[in-house]
Amino acid sequence: MFDTFAGSILQSGLTPVLFLICTAVSLLLGLGTALIYMHRSHYSKSFVITLALLAAVLAGSLWLSQRAEDVSQRFAGAAAEIRQLTEAQDWKAAAHRLTALQQEWEDTLPGLQMQLNHEDTDELTLAMRTLEAGIRTQSALLCALGCTQMEESAQHLSHRDAFNWANIL
């Protein structure tokens, strides 16, 4: 049930501005929870602070998880698109698309490496290099290998750190 609820919220596209609004609301809800807990009970200061921040921490985890999922889907889809171009032997269009994709990856990578394991992001970088070599040599086999590696690496980005019960527990 929780996965369905969280998924419906995250599918709507969480922008940084919306994230800040959600974080503020989460902090207010956490503060409300802490105040309710404090009413007529014995409490420690650290526990009240934990209650107040818990909702914001969960909101941040959901946002990071969604960001990894978006990157994963975008690059896996691009790998499938490049595969179609190379199968049609449209090498110029494939090279152009890969160049644009590599630039997008270079822009995305620094922020993503703060969130994910470097080995996972390095796999995608190496897959793009394999694909680049295949396009440069116009080797359909090397391009197919590079696209397959790229799709698998991209999908692995979101599955390893997905926000689900198996990874939480």
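Reader: Is the crossing of α4 and α5 left-handed or right-handed?
Author: The crossing of α4 and α5 is left-handed, meaning the near helix is turned anticlockwise from the far one by less than a right angle; clockwise would be right-handed. Helices here are DSSP runs (H or I, at least four residues), numbered from the N terminus.

Reader: What kind of model is this, and how are residues numbered?
Author: The model is predicted, with local features needing pLDDT of at least 70 and side-chain atom pairs counting only at pLDDT 80 or more, while totals for chains, interfaces and linings use all residues. Residues are numbered from 1 along each chain as its sequence is written, and side-chain values use heavy atoms, without hydrogens and water.

Reader: At what angle do α4 and α5 pack?
Author: About 165°, with the axes 11 Å apart, for α4 (residues 91–113) and α5 (residues 118–137). Axes are lines fitted to C-alpha atoms over the stretch in contact, and angles run from 0 to 180 degrees between N-to-C directions. That makes α4 roughly antiparallel to α5 (over 145 degrees).

Reader: Which residues make the contact?
Author: Among them are W91, L98 and W105 of α4, and H118, M128 and I135 of α5; contact means heavy atoms within 4.5 Å.

Reader: Now α2 and α3. What is the angle there?
Author: Helix α2 (residues 16–38) packs on α3 (residues 45–87) at about 155°, with axes 8 Å apart. So α2 is roughly antiparallel to α3.

Reader: And which hand is the crossing of α2 and α3?
Author: Right-handed. The contact includes F19, L27 and Y37 of α2 and F47, L51 and W63 of α3.

Key. Helices (H or I, at least four residues) and strands (E, at least two) are DSSP runs, numbered from the N terminus. Angles under 35 degrees count as roughly parallel, over 145 as roughly antiparallel, 65 to 115 as roughly perpendicular and the rest as oblique.
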